[in-house]
Amino acid sequence: MNAQAGTGSFRSTVASIVDHTLLKPEATAADVRALIAEGRELGVGAVCVSPSMLPVHADGLVVAAVAGFPSGKHHSLVKSAESAFAVESGAQEIDMVIDVGAAVAGDYGAVLADVLAVREAIGPDIVLKVILETAVLGDDAIVECCRSAERAGADYVKTSTGFHPAGGASTHAVGLMAETVGDRLGVKASGGIRTAEAAMAMIDAGATRLGLSGTRAVLDGLPEG
């Protein structure tokens, strides 16, 4: 990543690829309003919230919502309906969780069908990010899930929900995902990224988007210039 983007600082360049995220079950409408205000202050590109919190007023920010979150163990029709309703309620991006068990079992056709159902429900103009939960997958499964997501029309592949006990993003997984999708899809690193050093490691590995809940702490650790 270049240290300069126009006249902006390196910090602002990183901030612009952040999805400022609040997905805690106990989150309130007031918490979401605070998230949006903080996101504007920090100069992030997007906020990511639970679909039940929509609609929100977030002028100047992209609004993302999750689907099938966090387990992925929802019928594809449920994920599709949840995604479509989120879009009707103002979401411009959807972060869906695959059926991780299908991936573990090597049923990549089911993974493809799951993603395709959501893509068809939200149409071609909504950004679709596909959460793989990479901490529970081997390398071959990560590669095949990336390929399935691409075939199904995803815009990004994403490492993690941040809720799985196996862990979140790793530079290894990000690098493998980036190598698999090339410049055809984006790669979102999410889950357990709490420091500037961790964020930069993900970017260096190939991440083009970051999902952060502790965004301020990460950005405060970056150089301004």
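Axes are lines fitted to C-alpha atoms, for helices over the stretch in contact, and angles run from 0 to 180 degrees between N-to-C directions. Helices (H or I, at least four residues) and strands (E, at least two) are DSSP runs, numbered from the N terminus. The structure is a predicted model: local features need pLDDT of at least 70, side-chain atom pairs count only at pLDDT 80 or more, and totals for chains, interfaces and linings use all residues. Residues are numbered from 1 along each chain as its sequence is written, and side-chain values use heavy atoms, with hydrogens and water left out.

Helix H6 (139-151) packs against helix H7 (residues 171-181) at an angle of about 45 degrees. The two axes are 9 Å apart. H6 is therefore oblique to H7; angles under 35 degrees count as roughly parallel, over 145 as roughly antiparallel, 65 to 115 as roughly perpendicular and the rest as oblique. The crossing of H6 and H7 is right-handed, that is, the near helix is turned clockwise from the far one by less than a right angle. Contact here means heavy atoms within 4.5 Å. From H6, the residues that meet H7 are Asp139, Ile142, Val143, Cys146, Arg147 and Glu150. H7 contributes His172, Ala173, Leu176, Met177, Thr180 and Val181. By class, the contact of H6 with H7 has 7 nonpolar, 2 polar and 3 charged residues. Ala, Val, Leu, Ile, Met, Phe, Trp, Tyr, Cys and Pro count as nonpolar, Asp, Glu, Lys and Arg as charged, and the others, Gly among them, as polar.

H6 also meets H5. The axes of H5 and H6 come within 8 Å and cross at roughly 35 degrees. This crossing, too, is right-handed. On the H5 side the residues are Tyr108, Val111, Leu112 and Val115. On the H6 side they are Asp140, Ala141, Glu144, Cys145, Ser148, Ala149 and Arg151. The contact of H5 with H6 divides into 7 nonpolar, 1 polar and 3 charged residues. Ser148 lies in H6. Ser148 counts as buried because its relative accessibility is 0%; buried means under 20% relative accessible area, exposed over 50%, partly exposed in between (1.4 Å probe, protein chains only). Not counting residues up to four places away in sequence, Ser148 touches Tyr108, Val111 and Leu112.

H5 (residues 108-122) packs against H3 at an angle of about 30 degrees, with the axes 8 Å apart. H3 is therefore roughly parallel to H5. H3 passes H5 in a right-handed crossing. The contact involves Ser76, Lys79, Ser80, Ser83, Ala84 and Val87 of H3. Their partners in H5 are Asp114, Ala117, Val118, Ala121 and Ile122. The classes are 6 nonpolar, 3 polar and 2 charged. Ser83 of H3 is buried, at a relative accessible area of 0%. Beyond its neighbours within four places in sequence, Ser83 is in contact with Ala67, Ile94, Val118 and Ile122.

Loop residues come next. Ala91 is found in the loop between H3 and strand S4 (93-97). Ala91 is buried, with a relative accessible area of 3%. Neighbours within four places in sequence aside, Ala91 is in contact with Leu54, Val63, Ala65, Ala86 and Ile126. Ala91 and Leu54 are 37 residues apart in sequence, yet their C-alpha atoms are 7.7 Å apart in space.

Most residues other than glycine have a negative phi, and most peptide bonds are trans. A cis peptide bond joins Leu54 and Pro55, with omega about -5 degrees. Pro55 is placed in the loop between strand S2 (46-49) and strand S3 (62-67). Another cis bond joins Phe69 and Pro70, also with omega about -5 degrees. Pro70 sits in the loop between S3 and helix H3 (76-88). Glu133 has a positive phi, near 60 degrees. Glu133 belongs to the loop between strand S5 (127-131) and H6. Glu133 is buried, with a relative accessible area of 2%.

Ser12 is placed in helix H1 (residues 10-15). Ser12 counts as partly exposed, at 33% relative accessibility. The side chain of Ser12 reaches the backbone oxygen of Ser9 at 2.8 Å. The C-alpha atoms of Ser12 and Ile142 are separated by 31 Å, at 130 residues apart along the chain.

Methods:
Polar contact = N/O pair within 3.5 Å; in protein donor to acceptor, adjacent residues only side chain to side chain.
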